[in-house]
Amino acid sequence: MENYTIERSKVELTKEDFVSDQMVKWCPGCGDHAILSSVANVFPKIGYRKENFCLVSGIGCSSRFPYYMNTYGFHGIHGRAAAISSGVKIANPHLSVWMATGDGDSMAIGGNHFIHIIRRNIDINIMLFNNQIYGLTKGQYSPTTPMGAITKTSPQGTIEHPFNPGELILGAQGTFFARGVDTNPKMMTEIMFEAARHDGTSVVEILQNCVIFADKTHQTITSKDLRDDHQLHLKNGEPMLFGKEKNKGIIMKDSRLEAVEIGVNGITEDDILIHDQYQQDPGLHLMIAKMSPPHLPIALGVIRSAMYPTYDDMVEEQIKYAKETSKIRNMDDLLNSGDTWVIE
Ligand code: SF4
């Protein structure tokens, strides 16, 4: 299988090289600012020429992203970022394609495109800004809004079961899934770097705060007094420990994940599960992606990073094979192939 390399920059680039001259129009205090800063930080570390990055978006607050990065970009239409990104990557496999989308854009209006880009495993990096609301269109509930939440379109509380994006992505055969939070830019930068290295579709869900329409929606995870007990920072090959003193951990008991305290009921660190983000079987990754407070901490970091053939590599292979073996070399060959008629 031929792997298409992306040309590396001959000069060392900095964050400033990737910041555009456009005025950033997100609300003051919006979590999007931290995500933008993390991405501008990570692009020079990835090392490609500036001209080889392309950012694609749909519609929503997150989808302003391409304007704010000094790279090629395409602000698409609602829910169609996945289709446009797929076309960009297949037309030019030498580009590093990044897609910015929100929970409404990707999982409601673009739900169909979203699951199929993941299933195909096209080498694209998807940043999913999950603020659990439609921000740009002023506060309607989205597919990730928690049940019972009062919004502009659910004055008595939503009566819909929300998606857990990780569950949806792994269910669609996702090969890479990571989760970050806008309050931890260092971790976000590390995750984005790993997403860029992954050959295939990588999806990074970022828990993002919308200060206007869903302020503090992630506070059970991000507030200072709860975050140590409600966040598990995954590291490949290391035990799944959490808590301020790292004295709590995750074990498997009766085919379920359970949070335990080391030293209680004879539990030792040897009992704690070791994270393996590279294992092919997604079963445990799915269980980790579904963990949530209050009984379990939410998992942050890279949950799954498995190797499978990519769609774009296979398309290129088929095109190469067809060019080498087909008898049809030009338009005349094509028009004269198969059944033809002479009109008299
Ligand atoms: Fe950010 Fe919400 Fe403002 Fe949109 S409406 S820019 S998501 S704070």
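Tutor: Ala, Val, Leu, Ile, Met, Phe, Trp, Tyr, Cys and Pro count as nonpolar, while Asp, Glu, Lys and Arg count as charged. The others are polar, Gly among them. Keep in mind that this is a predicted model.

Student: By class, what does the lining of the largest cavity have?

Tutor: The largest cavity holds about 180 Å³ of space. Its lining consists of 18 residues, and those closest to the centre are Gly-60, Cys-61, Gly-102, Ile-133 and Gly-135. Under the scheme above, Gly falls in the polar class and Cys and Ile in the nonpolar class. Over the whole lining, the division is 6 nonpolar, 9 polar and 3 charged residues.

Student: Which helix gives the largest share of that lining?

Tutor: The largest share of the lining of the largest cavity amounts to 3 residues. They come from the helix at residues 103-109, H5.

Student: Is Gly-135 buried or exposed?

Tutor: Gly-135 sits in the loop between strand E4 (124-130) and H7. Leaving out residues up to four places away in sequence, Gly-135 touches Cys-61 and Phe-213. Buried means under 20% relative accessible area. Gly-135 has 12% relative accessibility, so the residue counts as buried.

Student: What separates the C-alpha atoms of Gly-135 and Gly-171?

Tutor: Along the chain, Gly-135 and Gly-171 are 36 residues apart.

Student: Which elements give two or more residues to the lining of the second largest cavity?

Tutor: The second largest cavity has about 40 Å³ of space. Among the residues that line it are Ala-82, Met-99 and Asp-105. The elements that give two or more residues to this lining are helix H4 (81-91), strand E3 (96-102) and H5.

Student: How do the residues of the lining of the second largest cavity divide by class?

Tutor: Arg-80 and Asp-105 are both in this lining, and Arg and Asp count as charged. The residues of the lining divide into 4 nonpolar, 4 polar and 2 charged.

Student: Which element gives the most to the lining of the largest pocket?

Tutor: About 530 Å³ of space lies in the largest pocket. Of the 24 residues in its lining, Gln-132, Phe-163, Asn-164, Ser-292 and Ile-298 are the closest to its centre. At least two residues each come from helix H7 (165-171), strand E6 (202-207), helix H9 (219-222) and helix H11 (283-290). The element that gives the most, with 3 residues, is H9.

Key: Residues are numbered from 1 along each chain as its sequence is written. This is a predicted model: local features need pLDDT of at least 70, side-chain atom pairs count only at pLDDT 80 or more; totals for chains, interfaces and linings use all residues. Side-chain values use heavy atoms; hydrogens and water are left out. On a 1 Å grid over the protein atoms alone, a cavity is a set of points where a 1.4 Å probe fits but cannot get out, and a pocket is an open set with protein on both sides within 12 Å along at least five of seven lines; lining residues have an atom within 4 Å of a point. Grid points are joined across faces, edges and corners, and a volume is the space filled by probe spheres set on the points. Helices (H or I, at least four residues) and strands (E, at least two) are DSSP runs, numbered from the N terminus. Buried means under 20% relative accessible area, exposed over 50%, partly exposed in between (1.4 Å probe, protein chains only). Contact means heavy atoms within 4.5 Å.
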